[in-house]
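Hello,

Here is the structure I said I would pass on. My notes on it follow below.

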Amino acid sequence: MKTSELVIHQTAVVDPRAELSFGVEIGPYCVIGPNVVIGEGTKLAAHVTIEPYTSIGSNCCIHSGTVLGGPPQDSKFKGETSFLIIGNNNIIREYVTLHRATGEGCATKIGDNNMLMAYCHVGHNAQLGNNITMANYVGLSGHVVVEDRVVFGGLVGVHQFVRIGRFAMVGGFSKVTQDVPPFMLVEGKPCKVKDLNVVGLRRNGVLPKTRAELRRAFKLLYGSDLNLTQAVEAVKQQIDPSPELDYLLEFVTNVRFGFGGRQLDLPRR
């Protein structure tokens with residue numbers, strides 16, 4: 001079917017209960033299930049599958065072989081109605097898989113302006129912010145939270161319930177089993193904080209004074225002989241407060257309240 005507002009290739013299968021906005025393009029052999037919503041200007045290449053209860057924003061570019069909204073790979077899932085919600089201006093490359101949530105009415109959420117390169121996976125109940133870059137073969141387990149402007153190298157695996165703070169960069173081939181503090185450059189198996197992500201901070205307009213203060217905080221938190229409690233107190237005493245510094249200290253302090261270095265993972269009994 002082809003009109004001035006909507007292009008659907010004749011080989012595509014689109015459920016009549018799907019809602020397609022103006023300017024949507026559906027490529028060859030795509031399968032669009034019921035209760036799918038696709039926003040204005042979004043384009044699907046060939047062989048894309050959009051499963052039920054998936055919502056995609058405007059001006060997204062979804063490449064061949066992608067599967068969006070599949071049921072979660074979770075033994076707790078019993079067929080309840082759950083969702084995948086994708087924002088605007090996302091680039092989702094070949095063979096990416098994004099799953100719906102576990103839990104009645106719950107949602108896996110992807111924000112705006114993200115790039116997920118080929119073969120990435122985002123598990124159930126994950127929450128991704130905006131302006132995130134994931135290189136090829138990054139795998140996020142269930143309930144992972146990734147905040148704005150995080151960059152992943154290729155072939156990274158992230159444990160369930162991990163939280164990754166803003167402006168962090170995760171080096172390729174890393175095994176991430178604990179929370180990643182904001183503004184930091186981390187890598188390794190297991191993943192460790194290596195340095196301040198100075199390049200990322202500069203590119204995103206963080207002021208030189210704030211970058212210098214975060215550098216001092218990094219040295220106290222990760223380059224001294226102080227334990228965490230001592231290091232946090234030293235940062236508070238020695239460095240001028242700022243929104244970025246307050247956020248960093250709150251993040252690292254909250255990690256102790258979770259299980260296994262993951263503040264979102266409730267302590268186990």
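Tyrosine 53 has a relative accessible area of 29%, so it counts as partly exposed, the range between 20% and 50%. Please keep in mind that this is a predicted model. Tyrosine 53 sits in the loop that runs between β8 (49-50) and β9 (54-56). Setting aside neighbours within four places in sequence, its contacts are Pro34, Asn35, Thr81, Ser82, Phe83, Leu84 and Arg100. Histidine 143 is 90 residues away from tyrosine 53 in sequence, and their C-alpha atoms are 18 Å apart in space.

Next, the helix pair. Helix α2 (residues 208-222) packs with helix α3 (residues 228-238) at an angle of about 155°, and their axes are 8 Å apart. Angles over 145 degrees count as roughly antiparallel, which means that α2 is roughly antiparallel to α3. The crossing of α2 and α3 is right-handed. On the α2 side, Arg216, Ala217, Leu220 and Leu221 make the contact; α3 contributes Leu228, Ala231, Val232, Ala234, Val235 and Gln238. Of these residues, eight are nonpolar, one is polar and one is charged.

The last item is glutamine 263, found in the segment after α4 (243-254). Its relative accessible area is 15%, under the 20% cut-off, so glutamine 263 is buried. The side chain of glutamine 263 forms a polar contact of 2.7 Å with the side chain of arginine 163. A polar atom of the glutamine 263 side chain also lies 3.5 Å from the backbone oxygen of phenylalanine 251. Not counting residues up to four places away in sequence, glutamine 263 touches Arg163, Asp179, Phe251, Asn254, Val255 and Gly258.

Regards

Note on methods: Residues are numbered from 1 along each chain as its sequence is written. This is a predicted model: local features need pLDDT of at least 70, side-chain atom pairs count only at pLDDT 80 or more; totals for chains, interfaces and linings use all residues. Side-chain values use heavy atoms; hydrogens and water are left out. Helices (H or I, at least four residues) and strands (E, at least two) are DSSP runs, numbered from the N terminus. Buried means under 20% relative accessible area, exposed over 50%, partly exposed in between (1.4 Å probe, protein chains only). Contact means heavy atoms within 4.5 Å. Axes are lines fitted to C-alpha atoms, for helices over the stretch in contact, and angles run from 0 to 180 degrees between N-to-C directions. Angles under 35 degrees count as roughly parallel, over 145 as roughly antiparallel, 65 to 115 as roughly perpendicular and the rest as oblique. A crossing is left-handed if the near helix is turned anticlockwise from the far one by less than a right angle, and right-handed if clockwise. Ala, Val, Leu, Ile, Met, Phe, Trp, Tyr, Cys and Pro count as nonpolar, Asp, Glu, Lys and Arg as charged, and the others, Gly among them, as polar. A polar contact is a pair of N or O atoms within 3.5 Å; within protein, one must be able to donate a hydrogen and the other to accept it, and residues adjacent in sequence count only if both atoms are side-chain atoms.
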